[in-house]
Amino acid sequence: MSTSLPPAFSLGPVSTLQEMLRTIAFVNRSLPFLRPTGRFDEETLEAVMMFQKINGFPVTGIVDRRTWDAIMNAFLQAYSHLAPPRTVTIFSQGAEPIHPGQSSPLLRPLQDMFRALAEILEGVASTPSTGVLDEDTTANLRWLQGHSGLPQTGVLDQNTWEMLVRLFETFVSQKPVQKIDNNQQTHL
């Protein structure tokens, strides 16, 4: 997994402990939220003792090997739930272009993306997810290529895929939240 860890992990063992307990607290609301200070202060002691109690350990406030390992495991589990999802590359560099009339499982997400864009953009046809580079999907690719300055081949290649992803992220997945002004009119 290529996610970076919080900055407190490079500051020392107490800051690391505090950051792990803080992350666990996002998932387990029984633990107090700590601000990593690098000092084993009263709040840190309270969080360690609460963690020990919740996990059935002797409540000593001492971070022995067993407590450290349990905190580390709980942190990794919490971090995996809180980390942003990894990006999936569907059409990767070096993939063979898909030509009109060909079938590919890669075309289904592309067709779904075009269907969502058809609700927002003029000139984009709503296409069913068939997995076939049919006439409507080919026309959508040519429309996209024409508006992106790419040769209008109707072939799905790396450059066309990247432009579709940008368009989809701009207009569908990153759609701005609608705001209501004082006159109760909706604006995008």
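**Helix packing, term by term**

Q: What makes α4 and α5 count as roughly perpendicular?
A: Helix α4 (residues 107-118) packs with helix α5 (residues 135-148) at an angle of about 70°, their axes being 11 Å apart. Axes here are lines fitted to C-alpha atoms, for helices over the stretch in contact, and angles run from 0 to 180 degrees between N-to-C directions. Angles under 35 degrees count as roughly parallel, over 145 as roughly antiparallel, 65 to 115 as roughly perpendicular and the rest as oblique. The pair is therefore roughly perpendicular.

Q: Which residues make the contact between α4 and α5?
A: From α4 come Leu-110, Gln-111 and Phe-114, and from α5 Thr-137, Asn-140, Leu-141 and Leu-144; contact means heavy atoms within 4.5 Å. By class they are four nonpolar, three polar and no charged. Nonpolar covers Ala, Val, Leu, Ile, Met, Phe, Trp, Tyr, Cys and Pro, charged covers Asp, Glu, Lys and Arg, and the others, Gly among them, are polar.

Before going on, a word on the model. It is predicted: local features need pLDDT of at least 70, side-chain atom pairs count only at pLDDT 80 or more, and totals for chains, interfaces and linings use all residues. Residues are numbered from 1 along each chain as its sequence is written, and side-chain values use heavy atoms, leaving out hydrogens and water.

Q: Why is α1 called oblique to α2?
A: Helix α1 (residues 13-27) and helix α2 (residues 42-54) pack at about 55°, with axes 11 Å apart. That angle makes α1 oblique to α2. Their contact is built from Leu-17, Gln-18, Leu-21 and Ile-24 of α1 with Thr-44, Ala-47, Val-48 and Phe-51 of α2. Six of these residues are nonpolar, two polar and none charged.

Q: How do you know whether Thr-138 is buried or exposed?
A: Thr-138, found in helix α5, has a relative accessible area of 6%. Buried means under 20%, exposed over 50% and partly exposed in between (1.4 Å probe, protein chains only), so Thr-138 is buried. Not counting residues up to four places away in sequence, Thr-138 touches Pro-100, Leu-133 and Gly-154.

Q: What do the buried residues of α6 pack against?
A: They pack against α4 and α5. The buried residues of α6 (residues 158-173) are Gln-158, Thr-160, Trp-161, Leu-164 and Leu-167.

Q: Where does pLDDT stay under 50?
A: Over residues 175-188. pLDDT is the predictor's confidence in each residue, from 0 to 100, and the chain averages 83. Where pLDDT is low, the predicted coordinates should not be read in detail.

How values were computed. Helices (H or I, at least four residues) and strands (E, at least two) are DSSP runs, numbered from the N terminus.
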